[in-house]
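I opened the coordinates and went through them element by element. These are my notes, in the order I looked things up.

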Amino acid sequence: MTRAIICKRFHGIRHQAGWRLHGKIPRYRNQGYNFTITSSTAYDQKWIRGRNIYKNIDYLVDTIFANYLSRPGVRQPIFTSYCDGNRVKCSGLSQWGSKYLGDEGYSAIEIIRYYFGNDMYINSAESIAGVPSSWPGYNLTIGSSGEKVRQIQQQLNRIAQNYPAIPVITADGIYGSRTADAVRTFQRIFNIPQSGVVDYPTWYQISNIYVGVSRIAEPV
């Protein structure tokens, strides 16, 4: 499943940024798929070419894009219908209703279960297609060491060839102050909170940029 559709089916509030990742792809059934993205707010987030998004929504999508909904015994992805709850009514999640539940202290899974039942669960994909290596499951920071640190160092060094503001570092598998500085510079360039820590969204942003710049050099 694509990153955008995973985002879309996780939580209606997150749809806006999810759409930016694949653009408009009309007539899915004509392309051999058994579903349609409607651009109707009764089912989908309204898609508008060139529409701006908010940075906090952009960051949230980066932190949850590998999450998906499931029910016990159901293998296919769960379609969570969505509407704004004011102008358009539907039997699924309400944008403004979920906002009010959030204000009352409901967690994401509690909101999902409020609308879709108590047998709903949030899972995370174990691996993400199209990236060299999945996030290790914990943040990399000063004092971390091992192969995952080495991978990040090597990827940052490759990215630095295209973004020379990122300092080149020794790929020794030890997360020291120079690695933290390189990460912080990367985060600044790509509009991620500048913590100097490789957290979940930073890991995948580094992976995505690494794949992109690596392919630039590939022969056509």
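**Entry 1: a buried glutamine**

I began with Gln 153, which counts as buried because its relative accessibility is 0%. The model is a predicted one, and I keep that in mind for everything below. Gln 153 lies in helix 6. I then asked which residues Gln 153 touches, leaving aside those up to four places away in sequence. The list is Ile 169, Thr 170, Ala 171, Asp 172, Gly 173, Ile 174 and Thr 179.

Is Asn 157 buried or exposed? It counts as buried, because its relative accessibility is 18% and the cut-off for buried is under 20%. With residues up to four places away in sequence left out, Asn 157 touches Pro 167, Val 168, Ile 169 and Ala 171. I noted that Ile 169 and Ala 171 are also among the residues that Gln 153 touches.

Not counting residues up to four places away in sequence, Leu 156 touches Ile 166, Ile 169, Ala 182, Val 183, Phe 186 and Ile 206.

**Entry 2: nonpolar cores**

Next I looked up the largest nonpolar core and found 23 residues in it. The residues with the most contacts inside this core are Leu 140, Ile 152, Leu 156, Ile 159, Tyr 175, Phe 186 and Val 198. Helix 6, helix 7 and helix 8 each supply at least two residues of the core. Which helix gives the largest share? Helix 8 does, with 6 residues.

There is a second, separate core of 9 residues, and it includes Leu 93, Leu 101, Ile 111 and Ile 112. As a general background note, nonpolar side chains in soluble globular proteins tend to be buried together.

After helix 4 comes Gly 105, with a positive phi near 100°.

In helix 5 the buried residues are Ile 111, Ile 112 and Phe 116. Their arc around the axis is only 110°, which means that they sit on the same side of helix 5. Helix 5 is followed by Gly 117, whose phi is positive and near 105°.

**Entry 3: aromatic rings**

I searched the whole structure for aromatic pairs and got 6. One of them joins Tyr 106 and Tyr 114, with 6.3 Å centre to centre and 90° between the planes, an edge-to-face pair. The rings of Tyr 114 and Tyr 115 have centres 5.1 Å apart and planes at 75°, so this pair is edge-to-face as well. Tyr 106, Tyr 114 and Tyr 115 form one aromatic cluster.

I checked the accessibility of two of these residues. Tyr 106 is partly exposed, at a relative accessible area of 35%. Tyr 114 is exposed, at 52%.

One more ring went into the notes: the charged end of Arg 113 sits over the ring of Tyr 121, 4.9 Å from the ring centre.

Most residues other than glycine have a negative phi. Where does Asn 191 lie? It is in the loop between helix 7 (177–189) and helix 8 (200–216). Asn 191 counts as exposed, because its relative accessibility is 59% and the cut-off for exposed is over 50%.

**Entry 4: whole chain**

I left the totals for last. The protein chain has 8 helices and 4 strands, and from the N terminus on they run α-α-α-β-β-β-α-α-β-α-α-α. Of its 220 residues, 42% count as buried. The accessible surface is about 12500 Å², and 49% of that belongs to carbon and sulfur atoms. Of the contacts with a separation of 6 or more, 58% are between residues 24 or more positions apart.

Terms used:
Residues numbered from 1 in each chain as written. Predicted model: local features only at pLDDT ≥ 70, side-chain atom pairs only at ≥ 80, totals over all residues. Heavy atoms only, no water. Buried < 20%, exposed > 50% of the residue type's maximum accessible area, 1.4 Å probe, protein only. Contact = heavy atoms within 4.5 Å. Areas by Shrake-Rupley, 256 points an atom, 1.4 Å probe, with all protein chains shown as cover. Phe/Tyr/Trp six-rings, centres within 6.5 Å; stacked < 30°, edge-to-face > 60°. Lys NZ or Arg CZ within 6 Å of the ring centre and 35° of its normal. Arc of directions from axis to C-beta. Core = buried A, V, L, I, M, F, W, Y, C linked by side-chain atoms within 4.5 Å.
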